[in-house]
Amino acid sequence: MVNQVQNGRDFKMHEEIVDRIVNALNSRHSDMKDVAVSVQGGAVLLDGKVRSFYAKQMAQVLTKHIPGVRQIVNRVHVQQDC
């Protein structure tokens, strides 16, 4: 029973982290609307496409400042024509 409660707490915490990151990305840079955010195994995974290396780095910087984020895997791709 403890594992189920802990998993439920982890899920809620992960969901809150994802919501905060998505809000930060969407409010700061319109180019980040195609960045998907998930939490897997304790790491935040950023995935998707942006138009510049700056936008890719900003996605990581904004994510880093969200409470609860300990590790970031940035799989965002820079595409000039997206």
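The model is predicted, so local features need pLDDT of at least 70 and side-chain atom pairs count only at pLDDT 80 or more, while totals for chains, interfaces and linings use all residues. Residues are numbered from 1 along each chain as its sequence is written, and side-chain values use heavy atoms, with hydrogens and water left out. The secondary structure of the protein chain comes to 2 helices and 3 strands. Helices (H or I, at least four residues) and strands (E, at least two) are DSSP runs, numbered from the N terminus.

**Overall layout**

- From the N terminus on, the elements of the protein chain follow the pattern α-β-β-α-β.
- Of the 82 residues in the protein chain, 30% are buried. Buried means under 20% relative accessible area, exposed means over 50%, and partly exposed lies in between (1.4 Å probe, protein chains only).
- The protein chain exposes about 5700 Å², and carbon and sulfur atoms supply 49% of this area. Accessible areas come from the Shrake-Rupley method with a 1.4 Å probe; for residues, only the protein chains shown count as cover.
- Among contacts between residues at least 6 apart in sequence, 56% join residues at least 24 apart. Contact means heavy atoms within 4.5 Å.

- The 3 strands form an open sheet in the order 1-2-3, with mixed pairing. Strand 1 and strand 3 (72-78) are the edge strands, and each pairs on one side only. The twist averages 10° from one strand to the next.
- Two strands pair if DSSP finds at least two bridges between them. Strand 2 and strand 3 run parallel and are joined by 7 bridges.
- Helix 2 packs on the sheet and touches strand 2 and strand 3; its direction makes about 160° with that of strand 3. Axes are lines fitted to C-alpha atoms, for helices over the stretch in contact, and angles run from 0 to 180 degrees between N-to-C directions.
- Val50 stands opposite Val78 in strand 3.
- Lys49 stands opposite His77 in strand 3. The chain goes from strand 2 through helix 2 to strand 3, and this β-α-β crossover is right-handed. A crossover is right-handed if, with the strands pointing away from the viewer, the path from the first strand over the helix to the second runs clockwise.

**The nonpolar core**

- A nonpolar core is a set of buried Ala, Val, Leu, Ile, Met, Phe, Trp, Tyr and Cys residues joined through side-chain atoms within 4.5 Å. In soluble globular proteins, nonpolar side chains tend to be buried together.
- The largest nonpolar core has 18 residues, of which Ile21, Leu25, Val35, Val37, Val44 and Leu46 touch the most other members. Helix 1 (2-28), strand 1 (35-40), strand 2 (43-50) and helix 2 (53-64) each supply at least two residues of this core. Helix 1 gives the most, with 5 residues.
- Leaving aside neighbours within four places in sequence, Ile21 is in contact with Val37, Val44, Leu46, Thr63, Ile66 and Val69.

- Thr63 is found in helix 2, and Thr63 counts as buried because its relative accessibility is 0%. Beyond neighbours within four places in sequence, Thr63 is in contact with Ile21, Val44, Leu46, Val69 and Ile72.
- Val76 is found in strand 3, and Val76 counts as buried because its relative accessibility is 2%.
- Val76 and Gly48 are 28 residues apart in sequence, and their C-alpha atoms are 4.8 Å apart in space.

**Partly exposed residues**

- Gln60 lies in helix 2, and Gln60 counts as partly exposed because its relative accessibility is 29%. Apart from residues up to four places away in sequence, Gln60 touches Leu46, Ile72 and Asn74. The C-alpha atoms of Gln60 and Leu25 are separated by 9.5 Å, with the two residues 35 residues apart along the chain.
- Gln79 lies in the segment after strand 3, and Gln79 counts as partly exposed because its relative accessibility is 30%. Apart from residues up to four places away in sequence, Gln79 touches Lys49, Val50 and Arg51. From C-alpha to C-alpha, Gln79 and Lys49 are 6.4 Å apart in space, and they are 30 residues apart in sequence.
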